[in-house]
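Please look over the structure below before reading on.

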Amino acid sequence: MNKNIKKILIIIVILILMAINLIIFINHFNYKNTEENNLTNQISTIIKHNIATEEETENSRKEMLNEYSEATRMKTYVGQYLSYIDSEKYEDAYNLLYQNFKNTYFKTLVDFENYAKEKYPSEIMVEYTNMNKEGNIYILSVKIQDPTNKEYKTLEQNIVIQENDLNDFVLSFNVE
Amino acid sequence: MTFNSKFTMTVRKIFKKYGKTVFIIFIVWLIIFLFNMYLRNRPKKLEANKTYNPDNPVIDYGGSVPNSQKQSVNETLDTYLNYCKNKDYDNAFNMLTNDCKAYLYNNDINEFKKYASNVFEKFNNYSYVQNYSNQDKVYIYEVTILSNDILSTGTTGGYEKYQEKITIIEEDGVKKIANQGYITHEKLSREAEDDFMRVKVKCKDMSYSRVSYTLEVKNKTDKTIVIADYNAGKEVTLNIEGEYQLATNLAIQESIIKPGETKELEYIFDKFYDSKREDTQINFNYVRIIPDFDFELTLEQQKEQAYKIYSFNINL
């Protein structure tokens with residue numbers, strides 16, 4: 001009887017230690033996977049305002065981006081830009097544009113705002129159709145649609161991105 | 001004795017007997033656990049992972065550019081490209097190897113200027129390089145130049161791109177450039193002879209995707225020798241360890257040697273510079289010796305009138 005209790009106690013101690021390790025490992029693994037999957041699966045996604053919430057600190061956003069693949073990061077940047085348009089934060093979107101691009105096509109914020117109001121739908125649904133690289137410049141081809149308005153003609157755009165560092169990027173797009 | 005007192009006794013006995021062991025196991029586990037916690041929570045170095053690495057070769061037969069060479073190789077390439085972009089073609093030309101100047105431009109800077117202005121005045125904005133292949137201190141890069149700065153235009157109006165292989169190679173202890181895919185020149189002194197002709201292999205010029213041999217052929221007879229006139233198939237081939245490559249320039253170069261004449265001929269074959277296989281022979285597969293040669297003769301008429309038809313091989 002005594003021997004059995006000894007064995008049981010030792011097994012219980014070992015099991016508790018193993019269980020603690022397993023719980024820590026599973027929690028860590030799930031955290032990483034859910035973050036990556038949230039974005040890789042969004043080929044067609046209605047852009048919501050939660051992509052870049054105000055509470056997100058710069059650092060935690062960088063940590064999140066650090067976990068993403070190159071392609072997912074670029075989609076995140078495009079998502080950020082379009083979410084600003086979608087939520088009518090035109091100045092924030094304008095600030096993401098590459099300076100030389102602004103100088104040529106949108107000298108003022110008003111120019112850009114007028115263009116955005118005319119070209120982009122009120123509800124943005126984006127589909128990524130292609131992704132190219134020219135050195136360290138990325139070109140994402142997107143189809144922008146309005147799921148709430150069937151009259152809206154799909155807008156096809158190339159969005160050109162240069163990433164200087166995590167969460168530090170500039171972009172431009174083909175103006176029609 | 002109740003179960004509780006039995007249990008207490010047993011636990012006491014266990015700790016008396018195995019206490020030290022359990023304590024050591026617990027301490028070891030605690031250290032591992034705390035170390036793991038530290039590794040998880042320590043500040044991570046945040047750096048964007050990117051697939052673009054200009055110094056990693058696309059084809060890695062010969063390995064990467066050594067760290068000790070990366071800076072000087074990239075500086076040489078940047079300097080050359082900047083000269084070209086700034087239309088400083090004299091300095092750009094001076095950076096070319098002597099072999100490259102001679103083979104591609106006949107040592108004439110005007111020929112280089114013609115090429116450079118065609119490329120760099122149309123494609124002069126954004127460029128990037130990608131290491132392609134490295135062999136024995138020969139560093140081959142693919143240079144891509146875009147027709148406009150796509151970040152400034154957002155690809156409005158589209159864009160074109162120009163690509164060529166540029167090699168960085170050492171000449172007299174200085175890093176030099178060989179452009180347009182050209183790599184290097186090698187003098188040779190192979191000879192082959194029979195009763196009808198004597199062939200000297202003078203040199204070979206290597207580009208990234210082709211090799212060219214320059215031969216001097218002497219006709220020892222009083223008859224015309226037709227090595228190739230693009231009438232018969234596979235008239236000149238290069239044997240690369242059993243694989244035969246047909247000369248690609250037969251249509252633009254007739255290999256017809258008049259009686260007693262000595263003629264220089266160049267044959268170009270497709271072959272990648274980083275291929276590990278050796279060239280073993282140049283083959284003249286359908287040599288025709290014709291007494292009264294006429295350019296109007298058909299292949300059938302050549303066969304009828306030929307004094308001899310045979311094949312001739314030059315070992316390399």
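The paragraphs below describe parts of this predicted model.

In this predicted model, local features need pLDDT of at least 70 and side-chain atom pairs count only at pLDDT 80 or more, while totals for chains, interfaces and linings use all residues. Residues are numbered from 1 along each chain as its sequence is written, and chains are lettered from A and ligands numbered from 1 in the order in which they are written.

Chain B is assigned domain 1 (8-47), domain 2 (67-180) and domain 3 (184-315); such bounds come from an automatic or database domain assignment. The centres of domain 1 and domain 2 of chain B, taken over C-alpha atoms, are separated by 61 Å.

Two strands count as paired if DSSP finds at least two bridges between them. Strands of a sheet pair through backbone hydrogen bonds, either parallel or antiparallel.

One open sheet of chain B has four strands in the order β1-β2-β3-β4, with antiparallel pairing. Its edges are β1 (127-135) and β4 (174-178) of chain B, each with a single partner strand, so one side of each has no neighbour in the sheet. Neighbouring strands of this sheet are turned against each other by 25° on average, direction ignored. Eight bridges hold the antiparallel pair β1(B) and β2(B), and V129(B) is opposite V143(B) of β2(B).

A further open sheet of four strands in chain B, again antiparallel in its pairing, has the order β5-β6-β7-β12. Here β5 (182-193) and β12 of chain B are the edge strands; each has a single partner, so one side of each is left without a neighbour in the sheet. The twist from one strand to the next averages 20°. Within this sheet, β6 (residues 197-207) and β7 (residues 210-219) of chain B run antiparallel and are joined by nine bridges. β6(B) and β7(B) make a hairpin with two residues between them. R198(B) has K218(B) in β7(B) as its bridge partner, and C203(B) is opposite T214(B) in β7(B). β7(B) also pairs with β12 (residues 262-270) of chain B, antiparallel and over nine bridges; there S212(B) faces I268(B) in β12(B).

Helix α4 (residues 98-105) of chain B lies across β5 and β6 of chain B and runs at about 75° to β5(B). Axes are lines fitted to C-alpha atoms, for helices over the stretch in contact, and angles run from 0 to 180 degrees between N-to-C directions.

In chain A, helix α3 (residues 70-86) has 17 residues that should span 24 Å at 1.5 Å a residue, and its end C-alpha atoms are 24 Å apart, which agrees. The expected span is 1.5 Å times one less than the number of residues. Of the 17 residues of α3(A), 13 are buried (20 or more other C-beta atoms within 10 Å of the residue's own, with C-beta atoms placed from the backbone). Just after α3(A), E88(A) has a positive phi of about 60°.

The two chains meet in a contact that takes 21 residues from chain B and 31 residues from chain A, where contact means C-beta atoms, placed from the backbone, within 7 Å. On the side of chain B, the elements giving two or more residues are α1 (3-41), β2 (138-146) and α6 (150-153). The largest share, five residues, comes from α1(B).

Methods
Buried ≥ 20, exposed ≤ 12 C-beta atoms within 10 Å, placed from the backbone.
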